[in-house]
Amino acid sequence: MMHLDSPTFWLAFSLFFVLYSFLPIGRRWILALIASLAFVAAHQIAAVCDLFIVSLVTYFSALQIDSHRVESAPVRRRHLWSWFAIVLLISNLVVARSFASVAFFGISFFTFQMLGYLIDVQRGQCPAERSFFNLLTAFTSFVYISAGPIVRTARFQPQVVQPSSLKIAGARQACFRILCGLAKKAIGEMLALVANTYFAKLSSHHETLATWTAVLALAGQYYADFSGYTDIAIGIGSLMGYELPENFRTPYFSTSVADYWRRWHITLNEWFLHYVFTPLCLLRPPAFFRSIQLRVALSLILSMTLIGLWHGWNWNNLIWGLYNASLILLGLTLRKSLLLDRFISSGGPLIRRILQTGSTVYLMILGQVLTRADSLAGALRIWQDLHFSPLGLRFGGPRLVLFFAVLAGLVIPHVVDHLRITRPALFCNGRVLFIGSLFLLVFILTFSISGRPFLYENH
Amino acid sequence: MTARLEAVFYRVFRRTFPISRELSAWDVPGWDSIANIELILEIEKEFGISFSTQEVLDLKCVGDIFDLLARKHKPE
């Protein structure tokens, strides 16, 4: 398997990049398409066939939707084409997610990109692409097909056809971003060792410190793995002349659950905001649904449930989606009653921030247990062990060292990302990039356990 | 129209603040995507009009809301 952190991938990418750089800018998409199809085929030949078929359906449907936009054409025909393609794409995704034997590589990502494209064409936000192969290049790009970010085709398509040329400064920053991603992947793998050991033995209780160590390791693993992949994708994209959207903005520094969902997997949440939540809220409801709060609450519950199911087609993720929706609604109600604001405002700004971020991270960590535990009973047992374990709380030298090492694995990637966002000039400084790259390279070569898939590649 | 809009803002944010064309979600704590949709639905109810998804997603500041209202709302 060819993952973005494997030596095989980087060898293939180096050869690809040399060829890509020598091609005229207007022809680079051809090589990018060939490389992307080869990348998907290296994972799963069947996925290439599925990708090709659904891309063809999307391409023709979008052309039909566009051709029925003229005033003389019946509106119903346009809607019919939209619904035909949307139902087919969703059926393809649901069947693939329901049966492991047909779980196509990258299906959740390319399906959502295609759905977004069709709805944008239907809404008149972008014209239907006339070249099938240009569209296929945007749908299949190896940079993001396996784990996002989910790009808006209308914005990304022009970059595929006419990528920008690479400057030295841009290349340095791109390489540093890639190294940051690889280092995060290595951290994620180390944290996974701690989390996996714990979650493999869920049939009995664990003591409190070990449980906190494991759930913090899980939280750190999720962030390091997924944001690490995004860093690599954005870095490779920059080298190829693409500007990919950011997918994370230090989510564990959020001040509320709603804020967390604006900072975690940003492109997925924006997708749901554009194509599910907002249209649902704006539906003309029957009389008993006229209450605005009820309409917003139901739309939010449905959107968060679907986000949960997107992460995994099982009960755990469905409950996790509902858990997040409930917390967001609770936060809204408390904010409306001003109770929470009054309580938090009673301290200074620092106390307020610590309380807000601390409670958000605490609730999100409890939620992540739902996605990792083998059953609801297992998750409830972990929640109990986090607070009142029957085995109590045992402090010992090695246990405390492991706890703080895990905490560092959770916090350090966040601090680096926080600096990148708040002090961008620092990450343009040649000396900082050089010393930082050297350090990251040594770290990756020492600690990397390459060749394991990224978590979101399972989607 | 501004007074009615200020009343709508109060219903959503539970506090008063001066409404200007330049005011945007960045200037008001708590004006997130959920508060935004509540605001839109309250405006629809107050002025008896309806917005499309695209119109809602294209809104950038209060000035855009004024422009949409001027286009859609015909005072009796």
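Predicted model: local features only at pLDDT ≥ 70, side-chain atom pairs only at ≥ 80, totals over all residues.
Residues are numbered from 1 along each chain as written, and chains are lettered from A in the order of writing. Local features require pLDDT of at least 70 and side-chain atom pairs pLDDT 80 or more, whereas totals use all residues, and side-chain values rest on heavy atoms without hydrogens or water.

In chain A, the axes of helix 3 (residues 45-67) and helix 6 (residues 132-140) come within 10 Å and cross at roughly 125°. Helix 3 of chain A is therefore oblique to helix 6 of chain A, a class that excludes angles under 35 degrees, over 145 and from 65 to 115. The crossing is right-handed. Contacts (heavy atoms within 4.5 Å) involve, among others, Leu51(A), Phe52(A) and Tyr59(A) of helix 3 and Phe132(A), Leu135(A) and Phe139(A) of helix 6. By class, this contact has 8 nonpolar, 3 polar and no charged residues.

Beyond its neighbours within four places in sequence, Met240(A) is in contact with residues including Phe13(A), Tyr20(A), Phe142(A) and Pro163(A).

Asn429(A) occupies the loop between helix 17 (397-422) and helix 18 (430-447) of chain A. Its relative accessibility is 36%, so Asn429(A) counts as partly exposed, the range between buried, under 20%, and exposed, over 50%. The C-alpha atoms of Asn429(A) and Arg172(A) are separated by 9.8 Å, although these residues are 257 residues apart along the chain.

Terms used:
Axes fitted to C-alpha atoms, helices over the stretch in contact; angles between N-to-C directions. Helix = DSSP H or I, 4+ residues; strand = E, 2+ residues; numbered from the N terminus. Left-handed = near helix turned anticlockwise from the far one by under 90°. Nonpolar A, V, L, I, M, F, W, Y, C, P; charged D, E, K, R; others polar. Buried < 20%, exposed > 50% of the residue type's maximum accessible area, 1.4 Å probe, protein only.
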